[in-house]
Amino acid sequence: MTQDIYVIIEHLQGNILDISYVMLAAAKELSVTTGGNVTAVLLGENCKELSSNFNADTVLYIEHKSLAHFTSDAYQNTLTDLIEKENPRVVLFGNTSIGSDIAGVISARLGLPLINSCKKFENGKYISQICGGKINVEGDLPEPTALITMLPGGYKLENGKTDKPPEIINYDPPSLDNLNVMFIKYLEPETSDVDITQQKILVSVGRGIQTEDNLDLAIELAKILGGTVCASRPVVDQGWLPISRMVGKSGKNVKPKLYFALGISGAPEHIEGIMDSETIIAINTDPSAPIFDIATYGAEVDLLDLTELLIEKIEAG
Amino acid sequence: MTTSALEELSITESFYESLFEVEEGERIRTCLQCATCSGVCPFGYLMEYPPGKMISMMRANLFDKVLDSESVWMCISCYACTEVCPKKIPLTPGLMTRVKEELLLAGNIPSELQSALEFSQRYGNPLGESPKKRADWIRGVTPPIPLMKEIARPVDILWFVGDYPSYHPRIQQTSRAFANILNALDIDFGILGREESSDGDSQRLAGEKGLFEILAEKNGKVFENYQFNEIVTTDPHAYNAIKNEYPKLGISYPVRHYSEFLFERLEQIKPLLVNEVNAKVAYHDPCYLGRVNGIYDPPRELIKAIPGIDLVEMSHNRETSLCCGGGGGGMWLDGYQWERAHVRLSEWRVREAVSSGAEILAVACPYEPPRFEDAAKMVQGASTLNIKDVIELLAVSIGE
Amino acid sequence: MNIVVIEKLVPDLVEELEISDTGTSLDMEWLRLIINEFDDHALEQAILIKESSDAHITVISPQFEGVDDILFTAISKGADRVIKLAGDFENDLNSHALARTLSNIVKEINPDLVLTGVQANNDLDGSVGPLLSEYLGIPYVGYVAGVSIENENVKVRKEYPGGLGAEMLVTMPALLGIQAAESPPRYVAISKIRQAMKTAEIVEMDVSDLDTSGGPPVNRMYLPESGERATMIEGDEEQVAARLIEIFKELDVL
């Protein structure tokens, strides 16, 4: 068994997903306590060069045509084989559509402990968040190999990047016959709508907006501030805004100058998408809403009344 | 007859027959098709099947088409139709509510309403607030408001507070004002606090009979634990439920709306009204106090007793009062209705208040202040219109 | 087509959460439990499949406060059989233990499709779905927001960030972690649920001797420190609006 920390890199359509850099940053910091190397594990086909800015000691590159596009069982089989052979101390997965599809299966297959929704490490202990971000859990890293899924937000992306490309080692995949999940095609999002990731000013609405027509207020406010409206998942689920406007885990990551959150509680899945905003202002009548932990400014007033007043006052000049 | 025609016949028939279970329901047989109901209905022009047309569809054995249509969700159970029907058919409880019940059974309801109903079932209030916080509004009120569980003794009056008066910040003001009045009159009262559940009346009118029964039963059990002479409520919907519907479930208690209760004590109140309120006041008759329960004068007498007030009437008043749009589930169909109407009934009413020259629009139902205050922001000339519950006017006149 | 839906009850976040005296778990006494929202979607997806083709749905849920309610609700929505895993799960039930217990029962049923929510708010040791799929030896795809049956396979839409999706074809039997059903969970009238309570039966399976291992080591659970909390703007809407406009000007937004 080694003290190495493996980071399972996530990529789609030729792009490395941000969570990978969060995990690399986490691994670097954790390795100071555990000792051992940080090894980025990159699965795919013809994508070795994607690893050039990984802040890792080594890259294990595993290539196979069945790994060209993520499918759960191809990744599960490959990684089970790798972990069984190499016995790392810790394996980091993203708490994502990719990582969560494989971590649990590997845990059950190899009988290894699994820790979910980890935000960060402190003194070699994991700190996970459960119950919508309302509860923190701290514990030791179990032995022999701890499988951990990570949430974004605990580490800066830049700390996972480097300008010195790490050493790449080619690793052989196991035989990947008899796979049960077949990738057919990507389903592109509708691109006709505005790209909220490019917007500097965002007015975001959550469940607190209550009804579809209250949305008009948010839209008006966004307009006079020179920005755009976006939303958390519940609002998009209702069909009040298209999915292209969704911010958070299953939506987009935004980096605006101002993120004005109306009636958003701040569940981790949403916070994920707004961590890189410059200024976050949150309006929510619930003083214990987790969003106040990351917002710059906050107020516990009625968001509809406030929005109307803002529109009124700004228009009055 | 074809098989489908036979099936249609039985849907219409079985629905038709279920209408007779409602009090005076058989009167539906005597409908003249005069269309007065459809004409007076505030949203009748937007319904595919306003009340009168529903009846004609029934008579033509085409009722399944009515059940396929969603337009009944434009109905706010304001009783305008019931009030004007020359044949006294109980259109609101006997027809509109029944149709909503059918649609609900089929799972066919707007999502806003779905949330309100699910919250009512889970948290005992349609707002989705924690039941533990139902009495949070009494914090800091002096003298402290007695909680029945804590004082553990009989009281004269059990004050049934209600959902919006407990949780909604604007209406909590009215609740505190009422506590002041009760104390000024030395009334021995108590509230249920966390033990209180939604009265269930609006949920019932929105078609959820089963939910209403669960809520009523819950309240009934709590009532049984305590001793009091009568129930007084600041909410006409709770008043309607406890007075007219709860007894059908075997839960029978004397109950009055605050306006009747205070009117009875008018001679005691008059000397306490020391501060003048110099304003023209128009009183809005809430549907469930006025049309449904015939209480028109007590609130007016209370207002007139306040020195300085000039009481004016709006063009629609008493039996013809215009609904604020909140009752019978309307609070939770707001988005749905707005999408189709692009006008709110509350705005219509506020416009009327403005044309009557009123400076204050006085109300007596918890749904009204937020609805009218929102509307006042949208209506030209209404920016200076104040919305106050009669309780608040009395409390101001009585002073601290 | 034989479908199994796994549902569980999780802490309702409307209420304040409290830590138990041991400091390592949630205080279950005052906890209000609610059906895991994603499991509700899983059931809805199963019902949608049943509505478009012939299917038999079995819903299984471990015994927590309120389990009877959610099982009768499942019946009134269209489930055919409901099973309660009876036992005293005092300090919650970790996903590994639940998955292990479920695997024996589900193996007996031998379904074509197992649906469950992709995640739950108290999954400290991961979600049930992937674990159960491995104990059953069937493939798993999670974050599914669209399901259609194609002969012996099931076609799914898997959600990726940013509105991107991927179409995958999975051989059956398979286990899917549902993110969203094709339409939101339907409303069911209380009278229907009460009706189900009178006519339907919940099958009870005793699992009190289950293997509870699998949870991660916990030193402590705690509510996050406010620490770098937001600077709160005091006052009513008027005052807040005025201050916000100042801030907007400072930020060069206005």
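D252(C) is found in the segment after α6 of chain C. In this predicted model, its phi is near 70°, a positive value in a residue other than glycine. Is D252(C) buried or exposed? D252(C) counts as exposed, because 9 C-beta neighbours lie inside 10 Å, and a residue with 12 or fewer is put in that class.

A35(B) also has a positive phi, of about 70°, although it is not a glycine. The place of A35(B) is the loop between α1 (3-19) and α2 (36-40) of chain B. A35(B) is partly exposed, because 14 other C-beta atoms lie within 10 Å.

Most residues other than glycine have a negative phi, and most peptide bonds are trans.

| Cis peptide bond | Omega |
|---|---|
| T142(B) and P143(B) | about -5° |
| M172(C) and P173(C) | about 5° |

P143(B) sits in the loop between α7 (111-123) and α8 (148-151) of chain B. P173(C) belongs to the loop between β9 and β10 of chain C.

**The sheet**

What is the order of the strands in the open sheet of ten strands? The order is β12(A)-β9(C)-β8(C)-β7(C)-β10(C)-β6(C)-β1(C)-β4(C)-β5(C)-β11(C), and the pairing is mixed. At the edges stand β12 (181-187) of chain A and β11 (202-206) of chain C; each has a single partner strand, so one side of each is left without a neighbour in the sheet. On average, neighbouring strands of this sheet are turned by 30° against each other, direction ignored.

Inside the sheet, strand β1 (residues 2-6) of chain C pairs with strand β6 (residues 113-117) of chain C in the parallel sense, over four bridges. I3(C) has L113(C) in β6(C) as its bridge partner. Helix α1 (residues 37-52) of chain C packs on the sheet, where it touches β1, β4 (56-62), β6, β7 and β10 (174-178) of chain C. The direction of this helix makes about 145° with that of β6(C).

**Contacts between chains**

How many residues of chain C are in contact with chain A? There are 64 residues of chain C in contact with 70 residues of chain A. The elements of chain C that give two or more residues to its side of this contact are α4 (128-136), β7 (140-150), β8 (153-159), β9 (165-171), β12 (220-222), β13 (231-232) and α6 (237-250). By class, this side of chain C has 38 nonpolar, 14 polar and twelve charged residues.

Strand pairing also links chains A and C. Strand β17 (residues 297-299) of chain A is joined to β13(C) by two bridges, and the strands run parallel. Opposite Y297(A) stands T231(C) in β13(C).

Between chains C and B, the contact takes eleven residues from chain C and 17 residues from chain B. The side of chain C that touches chain B divides into six nonpolar residues, one polar residue and four charged residues.

**Nonpolar cores**

The largest nonpolar core has 237 residues, and V7(A) and L92(A) have the most contacts inside it. Helix α1 (residues 18-34) of chain A gives the most to this core, with nine residues. Another core lies apart from it and has 49 residues, among them I196(A), L217(A), V229(A) and A299(A).

Which residues are in contact with L92(A), leaving aside its neighbours within four places in sequence? They are I5(A), Y6(A), V7(A), I8(A), M23(A), A26(A), A27(A), I148(A) and M150(A).

**Chain B**

Chain B has 20 helices and eight strands. Its C-alpha atoms fill a box of roughly 75 × 50 × 35 Å along the principal axes. With 400 residues, a compact globule would have a radius of gyration near 21 Å; chain B agrees with this, because its value is 21 Å. Buried residues make up 52% of the 400 residues in chain B. Of the contacts in chain B with a separation of 6 or more, 79% are between residues 24 or more positions apart.

F160(B) is part of strand β1 (residues 155-160) of chain B. Why does F160(B) count as buried? F160(B) has 23 C-beta neighbours inside 10 Å, and 20 or more are needed for that class. Leaving aside neighbours within four places in sequence, the contacts of F160(B) are E196(B), I231(B), T233(B), A238(B) and I242(B). F160(B) and M57(B) are 103 residues apart in sequence, and their C-alpha atoms are 41 Å apart in space.

Terms used: Residues are numbered from 1 along each chain as its sequence is written. Chains are lettered from A and ligands numbered from 1 in the order in which they are written. This is a predicted model: local features need pLDDT of at least 70, side-chain atom pairs count only at pLDDT 80 or more; totals for chains, interfaces and linings use all residues. Two residues are in contact if their C-beta atoms, placed from the backbone, lie within 7 Å. Ala, Val, Leu, Ile, Met, Phe, Trp, Tyr, Cys and Pro count as nonpolar, Asp, Glu, Lys and Arg as charged, and the others, Gly among them, as polar. Two strands pair if DSSP finds at least two bridges between them. A nonpolar core is a set of buried Ala, Val, Leu, Ile, Met, Phe, Trp, Tyr and Cys residues joined through C-beta atoms within 7 Å. The radius of gyration is taken over C-alpha atoms; the globule rule is 2.2 Å times the number of residues to the power 0.38. Axes are lines fitted to C-alpha atoms, for helices over the stretch in contact, and angles run from 0 to 180 degrees between N-to-C directions.
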